[in-house]
Amino acid sequence: MTTDEGTTTLPLSPDELLTTTRTVRKRLDLDRPVPLELVRECLEIAVQAPSGSNRQGWQWVVVTDPEMRAAIGEYYRRAFAAYAQAGGAGGGQYQDDPERAEVQRRVGESAAHLADRMGDVPVLVVPCLRVPGGRLPEGNQAGLWGSLLPAVWNYSLAARARGLGTAWTSLHLTYEREVAELLGLPEDVRQGALIPTAYYTGDTFRPAPRVPLEEILHLDRW
């Protein structure tokens, strides 16, 4: 399929797109440049997402400069190292379930790979949100982040349809202030994620194993 802008998109049904947009870590092509116009197309689709009271308070920082990417990548690497040391990378989970434990081992391995190469990914997208005074409210923040995160997922879906791989990450927020200074963000802008974006190698995406719906579905009450 070709869009009005001339970009070829993959012939995916809505269900295929939704179930095969996977986190891409090891198969990001670090050597192939990503046209900025392609990223812009994905962002045009991203901002069709809903936001509270239609405020559309999102802001998007697209980082392509090699030195900037390397600096952000180093913050991410340091954050991941601390996360992994604390046991958060998932490699040692579910030891009573060998099949799921193996999945988690692979996830941990690929996450470590991305942490080492984050600064080499051709495009880093930092979705942000304007927050009055830059201070996050106490208590329930669902409405706040619900005005940004659906747009971030829209971006990932649009990227997948255009042959681009993404990974939803947020560990860099351990160093949110440092990254904000690096990017020159205003005081009232907070970061919500870090989305590495690149062409991917191979094309074997398929639905991932998930917990059976019967174990997590509650009708009328818990």
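This is a predicted model: local features need pLDDT of at least 70, side-chain atom pairs count only at pLDDT 80 or more; totals for chains, interfaces and linings use all residues.
Trainee: Which strand gives the most to the lining of the largest cavity?
Mentor: Among the lining residues you'll find Leu 164, Gly 165 and Thr 166. Helix H6 (149–161) and strand S3 (164–166) each bring at least two residues to that lining. With three residues, the top contributor is S3.

Trainee: And by class, how many charged residues are in the lining of the largest cavity?
Mentor: Run down the lining and you meet Thr 20, Thr 21, Arg 22, Val 24, Ser 156, Arg 160, Leu 164, Gly 165, Thr 166, Tyr 200 and Phe 205. Arg counts as charged, and both Arg 22 and Arg 160 are in that list. Sorted by class, the lining has four nonpolar residues, five polar ones, and the number of charged residues is two.

Trainee: On to the surface: how much accessible area does the nonpolar patch have together?
Mentor: The patch is made of Val 211, Leu 213, Ile 216, Leu 217 and Leu 219. One of these, Ile 216, belongs to the segment after strand S5 (195–199).

Trainee: Is Ile 216 itself buried or exposed?
Mentor: The cut-off for exposed is over 50% relative accessible area. Ile 216 comes in at 52% relative accessibility, so it counts as exposed.

Trainee: I'm checking backbone torsions now. What is phi of Ser 53?
Mentor: Most residues other than glycine have a negative phi. Ser 53 sits in the loop between helix H2 (36–46) and strand S1 (58–63), and it is exposed because its relative accessible area is 64%. Its phi is a positive value, near 55°.

Trainee: Asp 220 also has a positive phi, near 70°. Is Asp 220 buried or exposed?
Mentor: Asp 220 is found in the segment after S5. Its relative accessibility is 86%, so Asp 220 counts as exposed.

Trainee: How many salt bridges does a search of the whole structure find?
Mentor: Let me give you a few of them. Glu 41 pairs with Arg 162, Arg 77 pairs with Glu 74, and Arg 117 pairs with Asp 120. Over the whole structure, the number of salt bridges is eight.

Trainee: Take the bridge between Glu 41 and Arg 162: how many residues apart are they?
Mentor: In this salt bridge the closest N and O atoms are 2.9 Å apart. Glu 41 is in helix H2 and Arg 162 is in the loop between H6 and S3, so the pair links distant parts of the chain, with a separation in residues of 121.

Trainee: And are Glu 41 and Arg 162 buried or exposed?
Mentor: The cut-off for buried is under 20% relative accessible area. Glu 41 and Arg 162, which form a salt bridge, are both buried.

Trainee: Which helix holds both Arg 77 and Glu 74?
Mentor: These two form a salt bridge with a closest N to O distance of 2.7 Å. Arg 77 is partly exposed because its relative accessible area is 33%, and Glu 74 is partly exposed because its own value is 33%. They are three residues apart, about one turn of the helix, and that helix is H3.

Trainee: What about the bridge between Arg 117 and Asp 120: how far apart are the closest N and O atoms?
Mentor: Arg 117 has a relative accessible area of 34%, so it is partly exposed. Asp 120 has 36%, so it is partly exposed as well. Their closest N and O atoms are separated by 2.7 Å.

Trainee: Last one: what distance separates the C-alpha atoms of Leu 43 and Ala 158?
Mentor: Leu 43 is found in helix H2, and it counts as buried because its relative accessibility is 14%. Leu 43 and Ala 158 are 115 residues apart along the chain, and their C-alpha atoms are separated by 8.1 Å.

Methods:
Residues are numbered from 1 along each chain as its sequence is written. Side-chain values use heavy atoms; hydrogens and water are left out. On a 1 Å grid over the protein atoms alone, a cavity is a set of points where a 1.4 Å probe fits but cannot get out, and a pocket is an open set with protein on both sides within 12 Å along at least five of seven lines; lining residues have an atom within 4 Å of a point. Helices (H or I, at least four residues) and strands (E, at least two) are DSSP runs, numbered from the N terminus. Patches are made of residues with over 30% relative accessible area and no salt bridge: like charges are joined within 9 Å, nonpolar side chains (Val, Leu, Ile, Met, Phe, Trp, Tyr) within 5 Å. Accessible areas come from the Shrake-Rupley method with a 1.4 Å probe; for residues, only the protein chains shown count as cover. A salt bridge is a side-chain nitrogen of Lys or Arg within 4 Å of a carboxyl oxygen of Asp or Glu. Buried means under 20% relative accessible area, exposed over 50%, partly exposed in between (1.4 Å probe, protein chains only).
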